[in-house]
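Here is a short report for a first look at this structure. Start with the view below, then read on.

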Amino acid sequence: MSAYDTNTTSVFPLPLDPPLPAEEPSEPSPLPLSPRKLPDWLHAHIHTPNDLTQERHSAVELNLATISPLIQNAQLNPEQLAVVTAPAEPTLVLAGAGSGKTHTLIHRVAHLVTQGLPPDQILLITFTRKAAEEMIHRTQLLLQQHSLKIQGGTFHAMGLIWLKHYGGALGLPPKFSIMDEDDAQGLVHLLMSKLSFSRRKGFPKKQHILALFSRAVNTLRSIADTVSRDFPWLDAHTPQLVVLFRAYTETKWRQHRVDYDDLLYLVYKLLCLHEPSRRRLGTHYQAVLVDEYQDTTKLQSEIVRLLGSHHHNVMVVGDDAQSIYGFRGAHTKNMLEFQDAFPSVRLYKLEHNYRSTAPILTLANTVLQDAKDLYPKRLFTAKAGGQSPELIACYSEQAQSDLLTERILQCHDEGIPLHRMAVLFRSSAHSNNLELTLARHKLAFVKYGGLQLTETAHFKDVLAYLRAADNPLDSNAWHRLLLLLDRVGPKLAERIIATMQEAPHPLDVLDQVPGKAESTIRLLNNVIRTTQDESISLTDRLTFVIKHYEPILKRDYPEDAKVRIEDLKPLCDLARQSTSLAAFLEDLTLNPSATSSSKHAHPDHHLVLSTIHSAKGLEWDVVFVIWVLDGQFPPVRSWHEEQALEEERRLLYVAITRPREQLFLTYPTEHYHNASKQNLDSLCRFLAPIPDDILPSYEMDQA
DNA sequence: TACGGGAATATTTTT
DNA sequence: TATTCCCGTA
């Protein structure tokens with residue numbers, strides 16, 4: 001950590017600069033119109049199987065002497081070994097689904113360590129929390145004591161760490177808090193009404209506005225540009241959106257708060273503009289490894305580029321066929337553009353699938369063969385035999401749930417533990433009926449991707465106390481708290497918050513609010529002051545807050561107040577592990593699953609329900625994909641957008657490549673779609689043209 | 001200005 | 001289908 005200690009105080013003149021120019025910047029070069037055509041450089045670096053053979057031999061001979069037993073024992077195939085022992089230069093690894101990507105990456109880390117690179121100078125970044133956890137965990141298993149020092153996590157988690165140490169150079173205060181999605185929406189909503197951009201005149205909803213802002217930041221484009229590119233139907237509101245974005249940015253900054261995108265954007269800005277920081281970070285990390293690179297946004301790939309600008313020892317791993325975060329600004333072309341950042345890039349491919357049986361892989365390849373804009377790649381497996389996947393038409397949603405329950409129990413009886421089976425679906429709500437049915441049969445399950453405990457009202461309320469204590473400028477927290485009080489409504493709350501923002505001692509303002517709510521506001525203030533008291537243990541403070549909140553909870557939720565109080569218990573357990581209030585809150589916003597993980601400490605005997613997005617990188621013996629009904633998957637709104645449809649196809653590909661042994665695809669043959677007022681009755685369009693010998697289909701009997 | 005009732009609406013996916 | 005937003009009333 002020594003590299004962090006010095007020179008964080010130098011002031012770089014960048015105070016209230018909004019992240020993006022309000023005026024049009026120089027136009028980035030437009031996308032090539034025929035993205036089907038692959039860039040020339042890609043061909044230049046393609047290793048045909050023959051090339052690979054030569055490459056791998058030289059790699060083996062060169063490095064065998066220095067490879068530790070760790071790597072020799074790892075049973076890497078030649079392609080993987082080539083990646084593991086690749087020279088320290090820009091490297092792009094195209095790794096197909098189930099090709100041992102993580103396995104390869106962690107052995108690459110082991111290789112670097114055995115080559116003498118200090119573990120704390122290796123940076124391992126991924127895009128999702130789950131992938132990060134998995135990778136760090138497996139690295140620890142492999143490297144034991146060394147791994148503790150390896151720097152790794154999600155882009156956002158790393159961003160936070162860097163900003164804490166170097167953010168001062170941007171004028172960022174040493175202490176700032178992180179906004180979650182809800183906070184961001186609340187703030188946008190507030191500013192909208194302040195600026196009287198009423199939704200009446202067709203002004204977009206806050207979710208959409210935020211999506212737009214996020215897109216702009218993640219693609220490094222101006223608001224106006226983003227509107228015309230990605231949100232053309234909002235064109236009439238561009239001037240207001242620009243004003244709103246600036247207000248949003250300035251308010252965040254004034255309140256010492258950063259949203260998810262800021263965690264990346266500010267790092268980007270720091271690396272761009274503050275040479276000392278760039279040099280320090282760039283030389284500190286001697287090797288940068290990025291997983292799931294296909295899900296990287298422009299903003300993230302720029303950070304990678306800047307981090308590697310000194311040593312060029314950057315390895316990125318990904319699979320363009322599994323790029324499923326386009327809605328967040330990721331694009332398959334980001335993967336191909338790696339060359340722009342590092343012209344001397346070498347390309348490696350991992351196409352040997354170790355996960356699935358041949359019939360499953362054939363189906364996966366078939367789904368992908370009509371895909372557009374993808375790097376040509378065909379997975380193969382040595383796992384011969386295996387059962388064909390099955391497509392099963394059910395006559396209703398309930399029938400689908402019943403069928404699944406039956407099959408799951410059947411597999412369970414055949415000796416497959418519950419946690420080695422998973423049900424996957426396009427969107428979270430698709431599992432609602434199934435969840436009820438499973439519960440009726442007393443089948444234990446965990447769900448990834450649904451409404452988390454952290455998103456429930458009572459949870460957010462309690463958190464608001466902690467957040468207000470941690471950062472008295474946090475207007476969302478105060479808004480929430482003040483509205484819990486009787487006789488305080490939006491107007492009064494807003495007035496109080498506005499006064500607090502200006503005051504040198506914000507909390508003192510609360511003691512001087514005249515009017516009917518005077519005493520309750522004072523009481524609230526006392527609670528906050530106590531919560532700030534670092535001499536009391538965090539757990540005790542939390543217990544104190546909950547005690548104060550209890551009567552309010554009983555008032556607002558008289559029916560299930562007891563259940564909700566029970567809900568809050570795990571929070572106390574979690575608090576015990578945190579060193580400070582600030583650390584606790586950070587952990588909670590960046591890692592909300594920590595709450596559920598304590599709740600499901602042993603998901604060992606639980607069936608897994610998951611959105612396909614959350615399932616990426618994971619595998620099970622048996623996988624059921626439900627709701628493969630055109631209109632649900634792919635959703636109706638993607639029907640007329642080619643790009644969106646392509647992403648849906650890749651999403652299906654991700655789902656199909658999850659199982660090791662058995663794959664079932666099910667759908668109800670008929671379902672009324674409320675939003676579009678039409679009846680959905682056809683099979684998912686990507687599966688419909690597939691012949692029976694690849695995907696045998698069955699019809700469920702009427703009960 | 002707080003609050004409750006009724007109507008409109010649009011409905012992913014993650015950090 | 002469930003939320004979210006708007007408006008009228010106390």
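## Ground rules

Two strands count as paired when DSSP finds at least two bridges between them. The model is predicted.

## The sheet

Six strands build an open sheet. Their order is E3-E2-E6-E7-E1-E8, and the pairing is parallel. Strand E3 (151-154) and strand E8 (346-350) stand at the edges. Each has a single partner strand, so one side of each is left without a neighbour in the sheet. From one strand to the next, the twist averages 15°.

What joins strand E1 to strand E7? Four bridges do, linking residues 91-95 of E1 with residues 314-318 of E7. These two strands run parallel. Leu94 has Gly318 in E7 as its bridge partner.

## A helix on the sheet

Helix H7 (residues 129-143) packs on the sheet. H7 touches strand E2 (122-126) and E3. The direction of H7 makes about 155° with that of E3.

## Around DNA strand B

There are 26 residues around DNA strand B. Which come nearest? They are His156, Phe327, Ser428, Gly489 and Ala675.

H23 gives the most, with three residues.

Technical notes: Residues are numbered from 1 along each chain as its sequence is written. Chains are lettered from A and ligands numbered from 1 in the order in which they are written. This is a predicted model: local features need pLDDT of at least 70, side-chain atom pairs count only at pLDDT 80 or more; totals for chains, interfaces and linings use all residues. Axes are lines fitted to C-alpha atoms, for helices over the stretch in contact, and angles run from 0 to 180 degrees between N-to-C directions. Two residues are in contact if their C-beta atoms, placed from the backbone, lie within 7 Å. A residue is near a molecule or strand if its C-beta atom, placed from the backbone, lies within 6 Å of it.
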